[in-house]
Amino acid sequence: MSGEAWISEAAPYLAPREPGQADAWTDEAGRRGRRGGQSVFEAGEVAAPEAVRAALDLEQGQRVVVRARLILLDERPVEIARSYYPLGVAQGTRLADPRKIPGGAVTLLRELGYTADTITEDVSAGLADPEECGRLELPPGSAVLRLLRTSGTADGFPFEASLMTMPTDRHLTYRLGK
């Protein structure tokens, strides 16, 4: 993205897709004449990182299902996206499988009975760790933006915490609503 203004609507990323529709990122990039893609590099049970444990209201030591993807624009990495789910939501589902999910995770979550009625986003900045530098092709000591999005049901049950890490040369504006 290299500093270009990229105004993104959050709503398509939170809405289930219709059968045969591309995922929201592929669709958004395509509308801009670009090629969006992603590659799953991790899926399965892990110990919940502290921020995720707090976001999902889990007890210390509880495990979660993670689905980690490298988000690509024109085949270049622009974001690391890790989505975490309580075991009761994702264990034994396609969320724990490294293969692509038709319509994306949000579509599968709807099929499982989970719709994002409440969203909380927390944005921070910091230095990229060695793994982030490698995946995002950044030099050591680079700064990154981190967005932690927590999705919950209407009754307040947090069922997904997504941590998105991206280079700071990316300019994002999120608009919610119609």
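A: Accessible area here is the Shrake-Rupley value, computed with a 1.4 Å probe. By that count, the protein exposes about 9300 Å². Carbon and sulfur atoms supply 52% of this area. Note that the model is predicted.

First, the setting. The protein has 178 residues, and 44% of them count as buried. It holds 6 helices and 8 strands. Along the sequence the pattern reads β-α-α-β-α-β-β-α-α-β-α-β-β-β. Take the contacts between residues at least 6 apart in sequence: 59% of these join residues at least 24 apart.

Next, the sheet. An open sheet is built from 6 strands, in the order β2-β3-β4-β7-β6-β5. The pairing is antiparallel. β2 (36-47) and β5 stand at the edges with a single partner strand each, so one side of each has no neighbour in the sheet. On average, neighbouring strands of this sheet are turned by 15° against each other, direction ignored.

Now the strands on the β5 side. β5 and β6 run antiparallel and are joined by 10 bridges. In this pairing, E121 stands opposite R149 of β6. β6 also pairs with β7, again in the antiparallel sense, over 9 bridges. Here L148 has L163 of β7 as its bridge partner. V144 faces another residue of β7: it stands opposite P167. How much of β6 is buried? The strand is mostly covered, with 8 of its 10 residues buried.

β6 and β7 form a hairpin, with 5 residues between them. G156 sits in the turn and has a positive phi of about 90°. T153 is also placed in the loop between β6 and β7. Its relative accessibility is 13%; the limit for buried is under 20%, so T153 counts as buried. What does T153 touch, beyond its neighbours within four places in sequence? The contacts are Y114, T115, D117, T118 and F159. Two of these names, Y114 and F159, return below.

The structure holds 2 aromatic pairs. One is formed by Y114 and F157: the ring centres are 6.1 Å apart and the planes meet at 40°, so the pair is tilted. The tilted class lies between two limits: planes under 30 degrees apart count as stacked, and planes over 60 as edge-to-face. Y114 sits in the loop between α5 (105-111) and β5 (118-127), while F157 sits in the loop between β6 (143-152) and β7 (158-167), so this pair ties together parts that are 43 residues apart in sequence. F157 is partly exposed, at 36% relative accessible area.

The other pair joins Y114 to F159. This pair is tilted too, with 5.5 Å centre to centre and 35° between the planes. F159 lies in strand β7 and Y114 in the loop between α5 and β5, so the pair ties together parts 45 residues apart in sequence. Is F159 buried or exposed? F159 is buried, with a relative accessible area of 1%. Through these ring pairs, Y114, F157 and F159 are linked into a cluster.

A look at what follows β7. T168 lies in the loop between β7 and β8 (171-175). T168 is partly exposed, with a relative accessible area of 41%. A143 is 25 residues from T168 in sequence, yet their C-alpha atoms are 6.2 Å apart. Leaving out residues up to four places away in sequence, T168 touches A143, V144 and L145.

One further ring involves a charge. R135 lies over the face of F41, at 3.5 Å from the ring centre.

To put the part together: the hairpin of β6 and β7 has 5 residues between its strands. T153, from the loop between β6 and β7, touches Y114 and F159, among others.

Definitions and conventions: Residues numbered from 1 in each chain as written. Predicted model: local features only at pLDDT ≥ 70, side-chain atom pairs only at ≥ 80, totals over all residues. Heavy atoms only, no water. Phe/Tyr/Trp six-rings, centres within 6.5 Å; stacked < 30°, edge-to-face > 60°. Helix = DSSP H or I, 4+ residues; strand = E, 2+ residues; numbered from the N terminus. Buried < 20%, exposed > 50% of the residue type's maximum accessible area, 1.4 Å probe, protein only. Lys NZ or Arg CZ within 6 Å of the ring centre and 35° of its normal. Contact = heavy atoms within 4.5 Å. Pairing = 2+ DSSP bridges. Axes fitted to C-alpha atoms, helices over the stretch in contact; angles between N-to-C directions.
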